[in-house]
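Please examine the sequence and the three-dimensional structure shown below before reading on.

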2 protein chains.
Amino acid sequence: MARSDSLEVATALHRAAIRLLRAVRVADDEAGVSAPKLSALSVLTFGGPSSLTALARAEQVTAATMSKLVSDLEGDALVAKRADRDDKRGLRIEVTAKGRALMEEGRKRRLALLNTRLAKLTREERAQLAAAAALMMRVSEAE
Amino acid sequence: MARSDSLEVATALHRAAIRLLRAVRVADDEAGVSAPKLSALSVLTFGGPSSLTALARAEQVTAATMSKLVSDLEGDALVAKRADRDDKRGLRIEVTAKGRALMEEGRKRRLALLNTRLAKLTREERAQLAAAAALMMRVSEAE
DNA sequence: ATAATATAATTAGTTTGACTAACTAACTAG
DNA sequence: CTAGTTAGTTAGTCAAACTAATTATATTAT
């Protein structure tokens, strides 16, 4: 890997991301909540309550897409929608205790699948992946 | 990142992979061929002709899913299906010249989007991402 | 040799998550 | 106060994933 040329890196990362997601989908299916939903729950858990628009932006999807996701989550009592105090158009979406529990559950299931595989890597390789994940987030950010 | 604990790494990678794919989807949409299709084309280009089952396994999807993808690709003349010489049930799926060209085109478009962002990283960081991509492929492999 | 089983690919039908477009309600500037 | 903007929803479409069922061919066992 002498040059670390952008085209190669982009392609390799793209393929690797596709594979990784397909590999963990199995575990996510078992959790009963899909990856996008777990991701949204995770944002709400670690980032706190949020408006729909902000959540959509954080997850890089349209408001319409997020509206549906949140409705589904609400239907399963994993999040609660409350009216914004100041802006009557606005929502304050927050995770419920059940949602938090299920997110942790999902994380654990995902781990159960990935753990065996990550365990085969060295400590250094895992650290490398962790660092790469941070870089990927930066690279994926909007301009 | 003192501990590089598997749960954290798994979660971070998962989220990073989701984000990255959503970020590049924009470019892939422009290419006229979706990420899964480009991925299959890429496998066929670099790995050579393949049966449907083998291709499905390589892409970690069911045969039914791959059958549809390949049919669509065939409809656009990006791949050709030929009967296997030895096994009349089997297919020999190969990329056409058009398919190869389009795959390169897709790669370039993806690059146009990611290039600006990857360019902001240092050479070392890009190398780190390239190495991470290889690790992700290993981690995503079936047992 | 033939019957049973397994494998390759396809088809039908469902689900999920993504999109755009069109809408209502509410806030904000001029 | 009316224009325009912003927040969220709804309807309708599409692609990609799944399972289950079907057809055709191969393989294995009796």
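The axis of a helix is a line fitted to its C-alpha atoms over the stretch in contact, and the angle between two axes is taken between their N-to-C directions, on a scale from 0 to 180 degrees. With this definition in mind, one can turn to the model, which is a predicted one. In chain A, α2(A) and α4(A) pack with their axes 11 Å apart and at an angle of about 85°. Angles of 65 to 115 degrees count as roughly perpendicular, and α2(A) and α4(A) are therefore roughly perpendicular to each other.

Which residues in α2(A) and α4(A) meet? On the side of α2(A) they are A:Pro36, A:Lys37 and A:Ala40, and in α4(A) they are A:Leu69, A:Asp72 and A:Leu73. Sorted by class, this contact of α2(A) with α4(A) has four nonpolar and two charged residues, and no polar ones.

Chain A as a whole may now be considered. Its secondary structure comes to six helices and two strands. Read from the N terminus on, the elements of chain A follow the order α-α-α-α-β-β-α-α. The C-alpha trace of chain A spans about 55 × 35 × 20 Å along its principal axes. Of the 143 residues in chain A, 38% are buried. If one takes the contacts in chain A between residues at least 6 apart in sequence, 49% of them join residues at least 24 apart.

The two strands of chain A deserve a careful look. Strand β1, residues 79-83 of chain A, is joined to β2(A) by five bridges, and the two run antiparallel. Opposite A:Leu91 in β2(A) stands A:Ala83. Along strand β2, residues 91-95 of chain A, the side chains alternate.

Why is A:Ala80 partly exposed? A residue is buried if 20 or more other C-beta atoms lie within 10 Å of its own, exposed if 12 or fewer do, and partly exposed in between. A:Ala80 has 16 other C-beta atoms within 10 Å, and is therefore partly exposed. Leaving aside neighbours within four places in sequence, A:Ala80 is in contact with A:Glu74, A:Glu94 and A:Thr96. A:Ala80 and A:Glu94 are 14 residues apart along the chain, yet their C-alpha atoms are separated by 5.4 Å.

The next step is to chain B. The axes of α2(B) and α4(B) come within 11 Å and cross at roughly 85°, which makes α2(B) roughly perpendicular to α4(B). Here B:Pro36, B:Lys37 and B:Ala40 in α2(B) meet B:Leu69, B:Asp72 and B:Leu73 in α4(B). This contact of α2(B) with α4(B) divides into four nonpolar, no polar and two charged residues.

How many residues does each chain bring to the contact between chains A and B? Chain B gives 49 residues and chain A gives 48 residues. On the side of chain B that touches chain A, the elements giving two or more residues are α1 (6-31), α2, α5 (97-118) and α6 (123-140) of chain B. The largest share of this side comes from α1(B), with 19 residues. By class, the side of chain B that touches chain A has 29 nonpolar, 10 polar and 10 charged residues.

At least two residues of the surface near DNA strand C are supplied by each of α2 and α4 of chain A and α3 and α4 of chain B. The largest share of that surface, six residues, comes from α4(B). The surface near DNA strand C divides into nine nonpolar, eight polar and eight charged residues.

Around DNA strand D there are 24 residues, and A:Thr53, A:Ala64, B:Ser34, B:Ala64 and B:Lys88 come nearest. For the surface near DNA strand D, α3 and α4 of chain A and α2 and α4 of chain B each supply at least two residues. Here α4(A) gives the most, with six residues. By class, the surface near DNA strand D has nine nonpolar, eight polar and seven charged residues.

How values were computed. Residues are numbered from 1 along each chain as its sequence is written. Chains are lettered from A and ligands numbered from 1 in the order in which they are written. This is a predicted model: local features need pLDDT of at least 70, side-chain atom pairs count only at pLDDT 80 or more; totals for chains, interfaces and linings use all residues. A residue is near a molecule or strand if its C-beta atom, placed from the backbone, lies within 6 Å of it. Helices (H or I, at least four residues) and strands (E, at least two) are DSSP runs, numbered from the N terminus. Ala, Val, Leu, Ile, Met, Phe, Trp, Tyr, Cys and Pro count as nonpolar, Asp, Glu, Lys and Arg as charged, and the others, Gly among them, as polar. Two residues are in contact if their C-beta atoms, placed from the backbone, lie within 7 Å. Angles under 35 degrees count as roughly parallel, over 145 as roughly antiparallel, 65 to 115 as roughly perpendicular and the rest as oblique. Two strands pair if DSSP finds at least two bridges between them.
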